[in-house]
Amino acid sequence: MTHTTCEHIRDLLPAYADDGLGADEAQAVRVHLRACAACRLEAARWAALDRLLTEGLTAPEPVSQAEVEAAVQRVHETRPAWQAAPVPVRFWRSWLPAAAVAAAAILLAVLGSYAPEADVARAKGALIDEAARLASDPRELAAVRPGELVAVGTEAREWPGRLALDAAYQWDAGLSLAQSLGRRVGLAPLAVCVVLLLAANLMIARRVRETPRSLQGG
Amino acid sequence: MPVSDERLAQEALRGDREAFDTLVRRYYPRVLGLCRKLLGSSEAAHDAAQEALLRAYRKLHLYDPSRRFSAWIMTVTARLCVSAGQRAQREPTPWEEVGQTDGGVRDETAGPVEVVERAEVTERVAQAVRSLPDLYKPVCVLRHVEGLSYQEIAEATGLPIGTVKVHLFRAKKHLRGQLADLVEAELDQR
């Protein structure tokens with residue numbers, strides 16, 4: 001064995017002991033160790049160091065059950081209320097419902113401008129019903145007129161209701177814009193908007209359901 | 001069959017306080033043990049262990065349930081200990097203090113002399129790890145406490161695998177120098 005080869009192999013030995021080499025390098029080390037007693041001894045030293053580290057760092061700590069319970073209690077006392085924790089919503093779920101509502105509102109503003117007034121009223125009613133179904137207090141919402149959606153939406157204490165009403169407000173604003181334009185066409189474009197809005201509402205409601213209850217509202 | 005750590009973490013994330021309490025019960029001894037080894041002082045270790053559990057709670061939404069929870073919480077703990085050690089900038093704890101507070105390693109199958117010898121070895125190893133540059137401590141802990149592969153350490157820490165290899169190589173060179181006599185004694189025993 002040449003000195004250069006041994007030096008190269010010895011640089012690989014710490015990772016070899018960790019099983020951290022690629023297949024080719026590991027094979028080269030194995031072949032070398034079969035023929036080189038000095039490097040075998042060196043490899044044994046690295047293996048011994050690994051054993052010492054693992055045994056030394058994982059030695060059990062004598063912790064009594066009372067200490068563990070005290071730790072649980074301290075964590076309870078020290079941590080802020082659960083509602084202070086971050087809301088665990090994945091990125092795509094956080095923007096997708098909002099984007100869907102915005103898209104539906106824009107579509108509504110464009111297409112809804114052709115809707116007959118009677119259809120507009122029917123669509124409003126359907127949306128309010130859906131908002132009420134999603135909200136926590138359907139009786140309160142059932143009494144709300146379309147024009148009051150904003151006020152109630154901001155006052156709603158529960159997230160599902162507030163989010164549903166926010167979505168409903170998008171719809172309401174779109175319809176107002178449509179009416180102000182004074183155009184009239186069939187119900188089909190509105191039906192598309194209804195489907196989009198309801199899908200957005202359902203996604204919001206699912207997001208709220210997946211949020212810890214203690215993190216919602218108030 | 002006990003509920004897995006990963007499942008408990010997900011339930012805690014959904015607002016189940018009991019699930020997080022169970023995780024605290026499971027991990028407090030290991031978290032405290034690691035804090036003691038990395039910080040030395042028993043008081044600092046208790047503070048760090050509690051802070052580590054709180055930090056784990058606050059950052060729970062960042063935990064990826066497809067990976068091992070134990071590796072994640074030990075990474076959180078090791079990083080916190082590094083920060084705590086930097087803040088404290090204190091002298092290494094004398095062995096006498098550790099002996100009083102840690103009580104050594106309890107092993108009912110070992111005799112008193114063996115227990116003391118093992119406790120001394122454990123403390124020497126802990127001192128050597130404490131003397132590592134801070135940069136290398138987390139990877140060293142994940143390798144030797146959690147037994148993670150280089151690839152798993154890279155995933156847990158977010159470091160490139162080449163960096164993990166370099167950190168571990170340098171850490172082991174340092175530790176080998178600190179523990180040369182114990183390494184030879186370990187070889188002689190075999």
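How many salt bridges does the rule find across the interface of chain B and chain A?

1. The rule finds 7 salt bridges there, a salt bridge being a side-chain nitrogen of Lys or Arg within 4 Å of a carboxyl oxygen of Asp or Glu. One joins the side chains of B:K172 and A:D50, at 3.0 Å from N to O.

2. This is a predicted model, in which local features need pLDDT of at least 70 and side-chain atom pairs count only at pLDDT 80 or more, while totals for chains, interfaces and linings use all residues. Residues are numbered from 1 along each chain as its sequence is written, chains are lettered from A in the order in which they are written, and side-chain values use heavy atoms, without hydrogens and water.

3. The contact (heavy atoms within 4.5 Å) takes 50 residues from chain B and 44 residues from chain A. The two chains bury about 4700 Å² between them, 63% of it on carbon and sulfur atoms; this is the accessible area (1.4 Å probe) lost on being put together, summed over both parts. On the chain B side, B:Y57, B:H144 and B:R176 lose the most area to chain A, together 14% of what that side buries.

4. Helix α3 (residues 37-58) of chain A and helix α10 (residues 180-189) of chain B have axes that come within 9 Å and cross at roughly 105 degrees. Helices are DSSP runs (H or I, at least four residues), numbered from the N terminus; axes are lines fitted to C-alpha atoms over the stretch in contact, with angles from 0 to 180 degrees between N-to-C directions. α3(A) and α10(B) are therefore roughly perpendicular to each other (65 to 115 degrees).

Terms used. Helix = DSSP H or I, 4+ residues; strand = E, 2+ residues; numbered from the N terminus. Parallel < 35°, antiparallel > 145°, perpendicular 65-115°, else oblique.
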